[in-house]
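Reader: I am new to this structure. Please show me how to read it, one feature at a time.

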Amino acid sequence: MGLWLAAPDFFKARQLLSLATATSPVLVAAMGVSMVILCRQIDISIGSQFALCSVFVGLAAQRGGGPGELLALAMGVGGLMGAVNGALVAGVGLPSIVVTLATMVTWRESLRWWREGEFVRDLPETFQWFGAAQSSGQWMVIGAGVSVLGGMVWFTQFCSGGRFIYAVGSDPEAARLAGIRPRMVTFLVFVAAGAFTGLAASLNAVRFTDVDPKTGTGLEMQAIAAVVVGGVAVSGGRGRVLGVFAGVLLLACIGPGLVFLNLPPQWERAIQGGIILLAVASDGFSARTGHRNAISGGKHHA
Amino acid sequence: MHDRSGWRRWLGIELVLTLLLCMELGIFSRTATNFWTAQNFFEVLRLSVEIGLLAVAMTPVILTGGIDLSVGSLLGLCAICFGKLWRDAGLPPLVAGIATIGLGVGLGSLNGVLVTRLRLPPLIVTLGSFSLFRGFAEAITKGVDNFTNFPASFLFLGQGYLFGVIPAQLPVFMLVALAVWLLVHRTVIGRGLRAMGYSPEGALYAGLPVSSRLMWVYGLAGGVSALSALVYVAHVGQAKADAGTGYELLAITAVVLGGTSIFGGKGSVHGTLLGLAVLVVMKNGLILSDQPGELVGIVTGVLLLTVLSGELLMKFLSRKSEVRRRERLLKTR
């Protein structure tokens with residue numbers, strides 16, 4: 001992070017505020033994905049879920065839905081799509097990467113078929129920033145992101161439900177013998193990930209005056225990258241929510257950071273990939289040399 | 001392990017896919033115009049070569065229990081590097097092509113090094129290189145550069161016809177597919193790959209050189225991706241940074257549809273080819289039947305889930321009948 005000390009302008013308050021607003025939805029989505037990965041599964045369909053939820057939110061706003069209704073609708077639709085994934089993974093027993101690969105393609109193409117790439121326009125005045133002024137709206141979005149983060153820290157560290165996720169992720173069979181129902185936990189985790197994606201979609205949608213049906217393309221990779229950089233093991237059961245937070249922040253700073261350092265922005269993807277590899281490689285190194293004392297290895301090297 | 005002898009051996013995913021393919025052919029021969037012509041047949045083959053190469057190279061990777069998400073991005077990067085070597089370094093296409101394949105092998109081996117030396121999960125390593133390779137392609141071209149005007153002798157690889165009908169890239173594909181098939185199904189190495197997929201520990205204690213084999217598998221995937229990049233560039237006639245976006249998912253879909261277990265150990269190259277055939281025939285048929293292109297994605301997703309669920313169900317039923325058979329045997333004694 002010391003890199004960005006070279007560009008003092010980067011730390012101007014307004015710049016940080018808009019960056020934080022843009023990052024909040026990614027953070028919320030990454031929270032959902034981190035639960036899935038902690039449970040030893042993976043979900044690559046959240047980008048498509050995100051797009052579908054955004055369009056639903058936009059259409060509901062056109063018909064005059066209030067902020068509460070919009071949030072409930074988005075989380076409901078997201079949760080439903082998550083339930084499809086969960087049922088196929090936990091109920092039928094198919095591998096999660098294949099299931100979510102299939103649902104990713106299916107949702108995305110259904111949306112394209114239905115909307116034909118059309119933007120949802122002519123949204124009421126009260127839609128953007130939930131009808132508030134821009135600055136207070138920004139704070140609302142950031143506040144939602146931070147409270148989700150706080151809730152997740154509390155849930156994963158201090159609630160039995162959160163610990164169940166870790167238990168199932170480390171060893172489903174042992175968890176079953178300990179009286180946890182691994183299939184139920186897996187199912188609920190997918191539903192929760194869908195609902196979080198819905199919430200993220202509505203937080204993202206209110207930043208603009210119309211809804212782009214292509215929104216959320218590549219979000220799954222962004223979220224998984226943040227989770228992995230944050231030190232969560234893809235083998236499940238190991239990692240912390242605060243680490244994911246650090247991962248989200250780090251990856252979000254690359255793009256704007258490049259602009260402020262006057263570097264060509266085309267390097268963003270390459271640097272992102274480099275950071276992911278570096279983070280997991282340092283994790284691997286520390287695991288090999290046996291100096292693994294903290295749960296999260298990756299973020300210290302960032 | 002489940003004993004697959006006699007007629008039971010054919011009651012697998014291959015049969016399901018063959019039936020599916022026949023069904024597709026039957027439906028589309030009625031609904032689609034110009035579907036049942038030799039010209040269209042070869043056109044379908046031509047369009048499936050790039051994805052097919054990736055899918056064939058992906059099969060051994062998935063057999064070892066790994067995955068390679070970076071092949072699509074590597075295709076893009078190799079296409080750019082080929083264009084760069086040919087136009088800016090002034091190399092003849094043949095030399096540039098060989099250098100590109102070397103680059104592909106090298107970058108694929110980079111995945112292999114991270115997977116084997118640092119014992120990192122392949123999903124994460126290749127997710128990282130997925131961004132890294134595409135990012136380099138974007139950085140080299142600054143997002144706008146585009147290589148065109150390749151010589152006709154090179155474009156022949158992607159657009160020409162042998163003997164007037166056979167697309168020029170088809171022999172290349174068949175050669176690679178045959179080589180990988182022989183490697184996986186007729187050599188000790190291929191058997192070792194399955195063993196590694198079933199149980200990496202067990203393979204190690206059985207004396208298999210697991211690390212170096214994995215390196216070779218990822219290197220092979222990289223090299224074939226580079227070859228696929230050459231075919232792609234010759235086919236489309238230009239090289240841009242976004243070449244091959246999303247191809248990795250199509251390739252994985254073909255492999256998984258073809259009955260290769262995503263957890264490794266089980267699967268076949270001919271299954272992959274069948275899966276690929278089902279996918280490309282469906283795409284071609286739907287488009288020739290004047291259906292919207294989006295339907296292709298939807299049907300692909302649903303098909304993938306249905307075939308896999310069907311396979312699980314069949315396994316469950318055959319295990320049940322096996323149990324019943326044994327019970328009967330016990331009673332008669």
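Author: Start with contacts: two residues are in contact if their C-beta atoms, placed from the backbone, lie within 7 Å. In chain A, taking contacts between residues at least 6 apart in sequence, 76% join residues at least 24 apart. For chain B the corresponding share is 78%. This is a predicted model, in which local features need pLDDT of at least 70, side-chain atom pairs count only at pLDDT 80 or more, and totals for chains, interfaces and linings use all residues. Residues are numbered from 1 along each chain as its sequence is written, while chains are lettered from A and ligands numbered from 1 in the order in which they are written.

Reader: What average pLDDT does chain B have?

Author: pLDDT is the predictor's confidence in each residue, from 0 to 100. Chain B averages 87, and 96% of its residues score at least 70. Residues 1-6 of chain B stay under 50, and the model has one contact for them beyond four places in sequence. Where pLDDT is low, the predicted coordinates should not be read in detail. For the complex, the predictor gives an ipTM of 0.77 and a pTM of 0.84.

Reader: How many helices and strands does chain A have?

Author: Helices (H or I, at least four residues) and strands (E, at least two) are DSSP runs, numbered from the N terminus. Chain A has 11 helices and zero strands. Chain B has 13 helices and two strands.

Reader: What radius of gyration does chain B have, against the globule rule?

Author: The radius of gyration is taken over C-alpha atoms, and the globule rule is 2.2 Å times the number of residues to the power 0.38. Chain B has 21 Å, close to the 20 Å that the rule gives for 333 residues, so chain B is as compact as a globular protein of that length. The C-alpha trace of chain B spans about 80 × 55 × 35 Å along its principal axes. For chain A, with 302 residues, a compact globule would have a radius near 19 Å, and the 19 Å of chain A agrees. The C-alpha trace of chain A spans about 55 × 50 × 35 Å along its principal axes.

Reader: How many of the residues of chain A count as buried?

Author: A residue is buried if 20 or more other C-beta atoms lie within 10 Å of its own, exposed if 12 or fewer, and partly exposed in between; these C-beta atoms are placed from the backbone. By that count, 52% of the 302 residues of chain A are buried. In chain B, buried residues make up 47% of 333.

Reader: Which residues touch the most other members of the largest nonpolar core?

Author: A nonpolar core is a set of buried Ala, Val, Leu, Ile, Met, Phe, Trp, Tyr and Cys residues joined through C-beta atoms within 7 Å. The largest core has 191 residues, and those touching the most other members are A:A29, A:A30, A:V228, B:M58, B:F82 and B:A251. Helix α8 (residues 182-205) of chain A gives the most to this core, with 15 residues. Leaving aside neighbours within four places in sequence, A:A30 is in contact with residues including A:A223, A:V244 and A:V248.

Reader: How many residues does each chain give to the contact between them?

Author: Chain B gives 40 residues and chain A gives 39. On the side of chain B that touches chain A, α5 (122-141), α11 (247-257) and α13 (294-332) of chain B each give two or more residues. The largest share of that side, 14 residues, comes from α5(B). Nonpolar here means Ala, Val, Leu, Ile, Met, Phe, Trp, Tyr, Cys and Pro; Asp, Glu, Lys and Arg are charged, and the others, Gly among them, are polar. That side of chain B divides into 25 nonpolar, 10 polar and five charged residues.

Reader: Where does A:P95 lie?

Author: A:P95 is in the loop between α3 (67-92) and α4 (96-115) of chain A. A:P95 counts as partly exposed because it has 17 C-beta neighbours inside 10 Å. Not counting residues up to four places away in sequence, A:P95 touches B:I262 and B:F263.
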